[in-house]
Each structure stands twice: as C-alpha cells, then as structure tokens.
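Hi there,

Here is the structure I promised to pass on. Please have a look at it first, and then read my notes below.

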Amino acid sequence: MKADPAGVLTGAHYLDGDFACGEGAMAAGCRFTAGYPITPSTEVVERISRRFPMMGGTFVQMEDELASMAAVVGASWTGTKSFTVTSGPGFSLMMENIGLAVMMETPCVVVNVQRGGPSTGLPTMTGQADMMQARWGSHGDYELIAMSPQSPQEAFDLTIDAFNLAELYRVPVLFMMDECVGHMTEKVVIPPADEIEIVPRKLTKSKPGDFEPYRANGQMVPEFARAGDGYRFHTTGLTHDERGYPEMSAECQDKLVRRLMDKINGNADKIVRFEEEDTDGADVVVLSYGITARVAREGIDLAREKGVKVGVIRLIVVWPFPEKRIRELAGTVKAIVVPEINYGQMVLEVERCAAGRCASVCVPHGGGGVHDPSDICDAIMGAVK
Amino acid sequence: MSEVIERAEALAEEHPVAPYLRMDRIPHIWCPTCGIGTVVKCFVTALEESKVDLDKTSIVSGIGCTGRVAGYMNLDAFHSTHGRAIPFATGLKLGRPELFVTVFSGDGDLSGIGGNHFIHAARRNMDILVVLVNNFIYGMTGGQNAPTTPLGAKSSTMPFGNFERPFNLPHLAATCGAVYVARWTSLHIRRLTKSFKEAIGRKGFRFIEVIAPCSTLYARLNKLGTGFNLMQFYHDSTEIRHGADTRDVGIDYQDEIICGKFVDEQRPTFLDMMHDQYRRTLGDKYVPMPQEGGHIHE
C-alpha cells in the first residue's frame, strides 16, 4: 500500500543521516518509538519526538535501552509499527530483547548509529565495529536482517525498506548506520506519499478459535494477530509449538529454530541487496559498506590510475550476506579487498565464501575516523602484485 | 473373588474459572501449597466480577514461577524476558491505548532484575496494574537470595542467613508515585479479590503485593514447616492496617506482616499528562494516537 501522507515530509531537504532516518521511519508508518539518549544517535528520536504528536505517533523516553527494546516489542504486538534507535553500548543492552523479537517473530527496526568501541569507546566518533554483533549479538542460533546506508538519502530510503522487510519476514531489522552517515548533511529528496510503497502489518483473517499464532501453514512466516482483537493468543520467549505454548523438547526446538532460520536463509536471494560495478574482468574487487564505500571510491580511482582493473561491491543489506555472488567472484578475481572501520569483521565472511580461491584482504581502521584512500589504494596494489 | 467398587460418575462440570484459563495447559507447574494459583484464582474472580472486556485485556509476565501466570491465562498473553514485563507492558499500553494491561510477576523479576523499570513506570504513572507475588526467594532457580528475602532468613546463596536489607515494596511503589498500593497474603482471598477489583477500576500505576508461600524452597531452607504451617503463620501474624504509613510496613523475618490498602489516590496518567501537554502547546495540530492503536492499514 501507499504511505500514510501524515508521516511523509514530501520535498527536497537538507538533512543529516539521523534526521533522514527518522523521516524514513515516519514515512514507513512507524507510530511508536521508545528510546534512550545516546550519542551519536539521539537526533533520530529528537526528530521523531518533535513530529510524532502531529501524526498520531507516541514517543516515550525509557529508563534504559533494555526497557526501550522491550517496549518496542510490546508495542509491535498491537500492530503499531515500532522502532528504537541507539549506538554501541545501548545496542549491547538491547541484545536480549532483540532475541525475544526474533523468537516471538515481532516485526521491528533497531537503528544503531555506530561509534568507536569497545565499551564507551569514542562516543562522538565513527566506527563500523558492531557488524558481527548485529549478526551474533543475542544468544542462541537465529537469522535476521541488517542494512547499511551510505548517505542521508539512503538513510531515508533504506529505513523504509527496513520497516518493509521487518513486516514481510516478522523479524527485527537492524539498521547499521555509522556516525559519519548519521551526522553528514546532504540533500534528501522525500517523494510524495503515493510514490512510497509500504508493507502494512497484515493481520490474520482467521477467526479467534481457529487461529494459532505460530502455525506457518507450509509458509515460512506465520499469520499475525494483534493484542486486543479477541484472539487471546499466547506468545513466549521459550521454545514453543504452533499454539505458542512452551514445549521443552529437542524436536520442538529443531522445528521452531530451523524455521526461524529458514525463513531468512530460504529467502536470502530476495533479501540480499548490493551494488556491483566493473566486476567483469576485474583483477581486484573492493567490497565495502556505509561511509567506507564512499571513502573507498577515491582509493579505487587511485588504483585505476595505476592501471589496475578494480571492481566494486557495495553491501546495502549486510545480513544475510551475498554468499552466492562472493563465491562466484572469488573464482574470477585475484583478491577481494575489504576496507571497514574495524579490525576485520565482514572480511571474515568474504574469506569464508572465497574459501581460498582468491585472497581476502582486510584494510582495517580502528575507528574515530575514516580510511585514508591511499591505504585502500595500497591494499589494492599489494593484492595484484 | 474380587470386589468391584462402583463409583458415582463424576459430574462433568466445568470449573467456574475454566473459561479464563488455558485448560489445555493444566496441570500447571506450581508446587503443592504454592500460593501463586490462589492469587490467580482471586484475579480471575475479580476480572469476572469487574466485567472488563477480556478481548481488550492483555497480561504480561517476566520469568520465574509467577512469570508463568501469563501462560495460563486465556487472554492475550505475553511471557517476556526476565525483568522486562513492565516495559513490555508499557509498549502494549502506548501502542494501543484502549487495552487494559496487567503485569503479573515475581519479586525477583519485578524488584530485582526489573527494579529500574518498576520505579520508572510508577514515576510516570503508566496506566498498568502490577501484581507482584512475593515469596521472599528466587523459586524457579532453586531458592537463591532475593531483594525481598528478610534479614536473617536463609537462602541457597545466603546459607548462613541473609545480611542484605530487603526492599519494603509498598513503600518503594508509593514513594515513586504509584496511585494504588496494597498488600495481602494468599490467605486473604476475599480481601485480595476485592483489592484486585478496586485496582482494575482505577487508572494509573497500581501495585498489589501478595505474600505467598514457597514451601519447596523458602520454608524448607528455613525449617518453617509445611504449606499448612505457612498459612497458619499468615493467619496468626498478619495485621490489616489500611492507610498505614508505608514506611512502617517493611517485613522482618517471621515477624508481623502488615496488610491492607496503603495508597488510593487519583493522578493523571502518563497518557493524560501527554495529551494535556500536547493539546496545550500544539492546539489543533495535535493528533493523538487512536484508542485502537497506531496500526496503519488499507
């Protein structure tokens, strides 16, 4: 369906990534936000708290990030689209209830405007070191979706996509910004509401009594009933059967967790999203995401001036990872070079998929700034030697 | 020759509270003489007599023995994470303001790991009813010390007696702004039911503490006898003192338990305050979330 015009600030704006992300959430139909202040993400909820009262939205500043995430999961069960926004330390605190959202199959979006870590780290300075935490941060086996925007425009556009994916797969979608994109101000064009496609919360048409909250009916994603419509359903973070009742058995565990993983893995071809250019006949491919994808541009140009054929992969959806494509590319290039603002996280995925068929080259940066493009160029040159 | 004893066929009569429970999940997990089931029965009776719209009633629990209550109630029921029932309930209430939301959980869940949420929800006067069953101990994990374990009582992690001062929960709730505060034991079934009914009829952060026996762990570790002995103790050692100063209702080991309704006030809830503020400052531009929630549909 088309977006509710009440949440769409149509026009050309000059916005930072945080504000653009907030606008994206409102355009996507988000009407509940719980958050706790943390640099460099707070601008998102500041924007929301100023605009929500005019569109039937409710923002509540909770006492901590544990509460914020729990409130978002609770609110989503009323059918109201919900999200929260945080940065590294808060992201750590949210992990348990992100797992709850996975287990209860609760659509929601969690924005992490990444800063330098570990611990309090570099509160006002950039980082990309939570990428593996996004994938593995909550306990247990699970799959979810994570995205990474490279500009304020994308912070707007992809936030809408994040909400849509959350609805389609009933899963938390982690929106992995970085401080640079969050605080970078650029032109953001917000289209008219009738040009924005949103996925509404689809409610079950079953009658109460015929409804089981986790009966997948051969589909991967079960139908949803919201609190207050008379279904009197039960949901739990415990391993549960199709009725949502706890069942402590290896069989039930396997059936449930396998489906939770398969609904993402089995649809990975539809979810995976990346940009690719000049990879045909390339000697080296540079794979990056977020702000680093923009910084890498200059490093790539420098290497091209020196005669190296360099292809580009920019991840837009980071989890699930584009395994298939990386496996193919690994057979055609000498190396995949991965600059990222950490000491080597997504490069591990590249290495896994390449499986020794090409070199995987990490170009690390500890955070607090972005790469010097010449370092990326040097890594490319080193890889073709 | 064997004798066949004929028994009168049991009358196929449904238990009066059956419609309120998930009978397909019975038997429950609670131990014999546990007080939680009694508290549930009182709550169900209060729901029935209050004639609340059960389709618009949600119940949220955390983790623990009392954390299993939501799972047995035939309502929209949420068995959330340890300590997070109150913020989860906050999300439900704010996401669909017409809901009547009750949190049912234990002392460890709500006042230990979830203590921060408890005080802030009371401060905000979030419109939820919080039922805390206090058995003075972590039951499900095997009898460890709780923030409510009385001084001197033994627990599996205070084997030589507890030396940490416990919470006085009614006082905590009252000082943080709860508009309704009461305490009963699981022996006080009529008064507890009445208190539930009263609280269901109020708005804002309502808090009812129910002292309940844990004969499997608390009583065994402290050699307090059987379930019967515990009920006898409640009978002999509780005093009803409505309107008592909550500073005076702390619980000492095997000492008098003051019960009653301590606070019953009316103050604007979080949502009342929010609406007022936005209406005053934004006028006609303010669009409150519809009572049925912010669900956007075609």
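**What I found**

Over all chains, the structure holds 42 salt bridges. Please keep in mind that this is a predicted model. One of those salt bridges is formed by A:Asp161 with A:Arg273, whose closest N and O atoms are 2.8 Å apart. This pair links distant parts of the chain, 112 residues apart. A:Asp161 sits in helix H6 (residues 152–169) of chain A, while A:Arg273 is in the loop between helix H9 (268–271) and strand S11 (274–277) of chain A.

**Where the two chains meet**

How many residues does each chain bring to the contact? Chain A gives 52 residues and chain B gives 49 residues. The size of an interface is often given as the accessible area lost when the parts come together. Here chain A and chain B bury about 4,200 Å² between them, and 58% of that is on carbon and sulfur atoms.

There are 4 salt bridges between chain A and chain B. Among them is the one in which the side chains of A:Glu63 and B:Arg124 meet, at 2.8 Å from N to O. Polar contacts between chain A and chain B come to 28 residue pairs, with both residues at pLDDT 80 or more.

Which elements of chain A supply at least two residues each to the side that touches chain B? They are strand S3 (58–61), helix H3 (65–76), helix H4 (88–104) and strand S10 (234–236). H3(A) gives the most to that side, with 7 residues. Sorted by class, the side of chain A that touches chain B has 25 nonpolar, 17 polar and 10 charged residues.

**Aromatic pairs**

A pair of aromatic rings is described by the distance of the centres and the angle of the planes. The structure holds 16 aromatic pairs over all chains. One of them, A:Trp77 with A:Phe233, is tilted, at 5.2 Å centre to centre and with 35° between the planes. A:Trp77 lies in the loop between H3 and strand S4 (82–86) of chain A, and A:Phe233 in the loop between strand S9 (185–190) and S10 of chain A, so this pair ties together parts that are 156 residues apart in sequence.

**Backbone details**

Most residues other than glycine have a negative phi, and most peptide bonds are trans. With that in mind, here are some places to look at in the backbone.

- The peptide bond from A:Gly117 to A:Pro118 is cis, with omega near 0°. A:Pro118 is in the loop between strand S5 (108–116) and strand S6 (122–126) of chain A.
- In chain B, the peptide bond from B:Ile26 to B:Pro27 is cis, with omega near 10°. B:Pro27 belongs to the segment before helix H1 (36–50) of chain B.
- A:Glu105 is not a glycine, yet has a positive phi of about 55°. A:Glu105 is found in the loop between H4 and S5 of chain A.

Methods
Residues numbered from 1 in each chain as written. Chains lettered and ligands numbered in written order. Predicted model: local features only at pLDDT ≥ 70, side-chain atom pairs only at ≥ 80, totals over all residues. Heavy atoms only, no water. Contact = heavy atoms within 4.5 Å. Buried area = accessible area lost by both parts, 1.4 Å probe. Polar contact = N/O pair within 3.5 Å; in protein donor to acceptor, adjacent residues only side chain to side chain. Helix = DSSP H or I, 4+ residues; strand = E, 2+ residues; numbered from the N terminus. Nonpolar A, V, L, I, M, F, W, Y, C, P; charged D, E, K, R; others polar. Phe/Tyr/Trp six-rings, centres within 6.5 Å; stacked < 30°, edge-to-face > 60°.
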